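Welcome, and thanks for opening the viewer. Please load the structure below and keep your selection tool at hand.

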Amino acid sequence: MNSDSSLLHELSWTDIERLDKKTTVFLFPVGSTEQHGPQNPLGTDFLIAEHVARKSAELVENAYCLPTLPVGVAPHHRNFPGTLWTSRSTFETLVKDVIHSIHYHGFEKVIVVNGHGGNSSSVLNAITDYNDIHDMVCSMFEWWRDSEIISSVFNVPSAIHADVVETSTVWAIRPDLAKEERLAGLTSADVWGRLIGSLYIPSRADQITETGIAGTLEGISIDKGNQALEKIIKKLVKAIEDLSSYSK
Ligand SMILES: [Zn+2]
């Protein structure tokens, strides 16, 4: 547990100057502001990533959380009002520039805590470059890809979009934003994309789903969301500890 804040923006430059360059791990939450069905806030992806990153940073002495990047690669959601997006190249550049800043101050360990699938390839490109060219040890943590946690808590093989997994999880973090009364009658797609025979076609959200939802809505529960968050934070804490003690 940090005696001071574990949020970088609440510390001063002299606090950061005192940190150990080799063992400090920075968590960088990134997400998206995009439609998540009528029942969830547009900020679902960044709210979950930020919560998981901040709670984990509080639990590890040499972990610090950077400010959240709340807009991501989401042009495929653009026909749903309120969705914001950056281009793939802009997002990748933003992630690289933030990692570059950390590298410039002499640190070498960053975990990008990503809450949105559309960001994955850009984050991987950014961290691969910095690990390769600048000899950093950066990684990416994506909570919803943990099939062991998803299947054990929610009884589904994987999370899709604004489904039982994401809805329960964001409601657990922000019950004040849960719109349970809107769930009745909502339709949902089975797959995130179109299938032509066996061929998978990546598609805009509105080509797949009228409501913006894909995956089952059966069994949504704040209790399950809390169970998942506890397991996810435990995994991230272990990942931070492993990275902190790793020496090149
Ligand atoms: Zn999402």
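How many of the ten residues of α6 are buried? Keep that in mind as you start, and remember that what you see is a predicted model.

**Stop one: helix α6**

Select residues 164-173, which make up helix α6. Ten of the ten residues are buried, so α6 is largely enclosed by the rest of the structure. Clicking along the helix, you will pass buried residues including Val164, Glu166, Ser168, Trp171 and Ile173. Now show the surroundings: the buried residues of α6 pack against α2, α5 (147-154) and α8 (222-245).

**Stop two: Ser168**

Stay in helix α6 and pick Ser168. Ser168 has a relative accessible area of 0%, and buried means under 20%, so Ser168 counts as buried. A polar atom of the Ser168 side chain lies 2.6 Å from the backbone oxygen of Val164. Leaving aside residues up to four places away in sequence, Ser168 touches Phe154, Asp163, Gly219, Ile220, Ser221, Ile222 and Gly225.

**Stop four: Thr83**

Move on to Thr83, placed in the loop between β2 and α3. Is Thr83 buried or exposed? Its relative accessibility is 8%, so Thr83 counts as buried. Look at its side chain for two polar contacts. One of its polar atoms lies 3.2 Å from the backbone nitrogen of Gln35, and the side chain also reaches the backbone oxygen of Phe80 at 3.0 Å. If you list what Thr83 touches, not counting residues up to four places away in sequence, you will find Thr33, Glu34, Gln35, Leu42, Ala74, His77 and Arg78.

**Stop five: the sheet**

Switch to a cartoon view and find the strands. Four of them form an open sheet in the order β2-β1-β3-β4, with parallel pairing. At the edges are β2 (63-65) and β4 (137-141), each of which pairs on one side only. On average, neighbouring strands of this sheet are turned by 20° against each other, direction ignored.

Now select residues 25-30 for β1 and residues 109-114 for β3: these two strands run parallel and are joined by five bridges. Within this pair, look for Val30, which stands opposite Asn114 in β3.

**Last stop: the helices across the sheet**

Note on methods
Residues are numbered from 1 along each chain as its sequence is written. This is a predicted model: local features need pLDDT of at least 70, side-chain atom pairs count only at pLDDT 80 or more; totals for chains, interfaces and linings use all residues. Side-chain values use heavy atoms; hydrogens and water are left out. Two strands pair if DSSP finds at least two bridges between them. Helices (H or I, at least four residues) and strands (E, at least two) are DSSP runs, numbered from the N terminus. Axes are lines fitted to C-alpha atoms, for helices over the stretch in contact, and angles run from 0 to 180 degrees between N-to-C directions. Buried means under 20% relative accessible area, exposed over 50%, partly exposed in between (1.4 Å probe, protein chains only). A polar contact is a pair of N or O atoms within 3.5 Å; within protein, one must be able to donate a hydrogen and the other to accept it, and residues adjacent in sequence count only if both atoms are side-chain atoms. Contact means heavy atoms within 4.5 Å.
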